[in-house]
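Reader: Can you walk me through this one? I have the model open and will ask as I go.

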Amino acid sequence: NFVLMEVKSNLLLLERKELLARFAGFKKTAQVMVGDPVNEFKKRTQELILKDKQEKSDTEFKQKQAEEVRKYQAQLKEKELERAAKKAKREAEKKAEEERRAAAGEDAPDQEMKPAEEEEEPDQPMPDPALEKPPVVQLNEEEIKMTFRPTEHPDLSDSTLSSSLNDFTFPEKSEGFETVTFSWNAKAKAESYFKEWKLKKKITTKLEDLKVGEWFNQQSNSWKEQLQTWKNLQAMWKVEGVKKEQEEEAKPMLMDAAADATAATAPATEGTEGTEGNGEAPAAPQDEAMPPADAATDAAPAAPAAPAEAAPAAAPAVAPAALGVADEDLDVFGANVNDVNGTGEPLCSLFALEDWVLLMLRVEFHLMAHSFKKDVTDPERSGIHVDNVPYYYNKYFRKTFLASHYGFESNEKVVELLKDTVSLNQQKVLVPELDEDLDNFDLFLKLTEEGRRERELLIDLGEDDAVLRFNHSVLAALVYGNMAKGYYMKGPGKGLDQKGKGFQGKTWQGKGFEKGYD
């Protein structure tokens, strides 16, 4: 009797035929064990799981016990040294006392008069850790429900499983088997289970031979250009803000300087000396001579009579100030993202590192979710499973994705930050929330700005969960690239000046600019 446990080959038609050809003249039986296992198999599985758990527990216990034994032996040795030191001290004191008496000519005290030596108190016995027995483990509720024993290495690698999954089939008698036996479930039930299992594996298994399509490349290039444009607009707006701030700070000094210059050039009006000889004031030049008094009186025009009821002059109409990004009443979704109010202020003017990261993630996840459906030819692969996000993120963008970079332990938590762009269905597969045929990327910028405002409001209400805890040292390189070294790390929310150095202008610490970042 020969048993051929070839997992992949036994599920592929062509490879099954090759195996059968090697056993001409033998009675060939196919045992199909698919679906809900029989009780005997389940019992054996439980025994193996318990055995593995006990062995793991014993290994951990022995490691801990060895450390405890080492400490125990060190304590015993230390106590032994203490006892020896005390005994040597008593003997030295006794010898010194005898020598003193002998030198003084004193008789040795009677045996009955000699004080009894202090007896040492016996040490409290310490339990020997070497005598301890390892604990006996039990299966928990989750382990009891396990049908199959978990192994360190799978029977098939992800790459092999992914490439062969579509071709997996059950054996048939027509292939050369005398008997095909379904040991666990009837054929119909086993086939239904097998179909569901393949669908699940298609969702959770990575496609290592995935080819990124042209649609993604075009969209990605357009996005890179747009992202750089918005970064430049923010940088220029900040530079203009610094200039205006410097001008405002310089105004008082300029006014003081002008006043001093005026005072220095004004003619003296007091202490003027008269003309030499007669003491009279010097005559004014001909074209500036004062007219005679009578002429001055005659030439003086009469003051106009005041009107009986003078109406107050109407104040000039003042146009309302244009709303800026810092204003709560700004219509984010109706604004021009490149110039919200005609002053050149972009909608991203208050973006900090976290906002740029969220904007990039929104666009990237949107493109990745749509591109996957275009690049995968199998319609049964409905999308990217959340556990495979890091793999496909690297596949499409050549960048590393780790939930810990965004302050979370799971990919699901990161996706929740992008719920207006992508979400997870019941199978934990990425589902895009926006159409693929958007005219531009403006909507993503507006969603990010709206999210910034909502986050600021929640923090003002005391919601600690709204605070973002991104890893700045890692994400700054993704946002600012080669300029990341100039990123002002002392306080998120401060951008870059025109030289790429940390912009520290207090003008840009406006209302809510640094709220929501830890």
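Author: A definition to begin with: buried means under 20% relative accessible area, exposed over 50%, and partly exposed in between, with a 1.4 Å probe and protein chains only. This is a predicted model, where local features need pLDDT of at least 70 and side-chain atom pairs count only at pLDDT 80 or more, while totals for chains, interfaces and linings use all residues. Residues are numbered from 1 along each chain as its sequence is written, and side-chain values use heavy atoms, with hydrogens and water left out.

Reader: What share of the protein chain counts as buried?

Author: 33% of its 518 residues.

Reader: And how many helices and strands?

Author: The protein chain has 12 helices and four strands. These are DSSP runs numbered from the N terminus: helices are H or I with at least four residues, strands are E with at least two.

Reader: Aromatics next. How many pairs?

Author: There are 23 aromatic pairs. Rings of Phe, Tyr and Trp (its six-membered ring) pair if their centres lie within 6.5 Å; planes under 30 degrees apart are stacked, over 60 edge-to-face, and the rest tilted. One of the pairs is Phe441 with Phe444, which is tilted, at 6.3 Å centre to centre and 40° between the planes.

Reader: Are those two buried or exposed?

Author: Phe441 is buried, because its relative accessibility is 9%. Phe444 is also buried, at 1%.

Reader: Which residues make up the aromatic cluster?

Author: Phe216, Phe365, Tyr393, Tyr396, Phe397, Phe401, Tyr406 and Phe470 form one cluster.

Reader: Which ring does the charged end of Lys374 sit over?

Author: The ring of Trp215, 5.2 Å from its centre. The test is NZ of Lys or CZ of Arg within 6 Å of the ring centre and within 35 degrees of the ring normal.

Reader: Switching topic. Where is Ser164, and what does it touch?

Author: Ser164 is in helix α4, residues 158-164. Leaving out residues up to four places away in sequence, Ser164 touches Lys8 and Leu12, where contact means heavy atoms within 4.5 Å. Ser164 counts as buried because its relative accessibility is 8%.

Reader: What about Phe2, buried or exposed?

Author: Phe2 is exposed, with a relative accessible area of 58%. Phe2 lies in the segment before α1 (13-21).

Reader: How much of the contact set in the protein chain is between residues 24 or more positions apart?

Author: 73% of the contacts with a separation of 6 or more.
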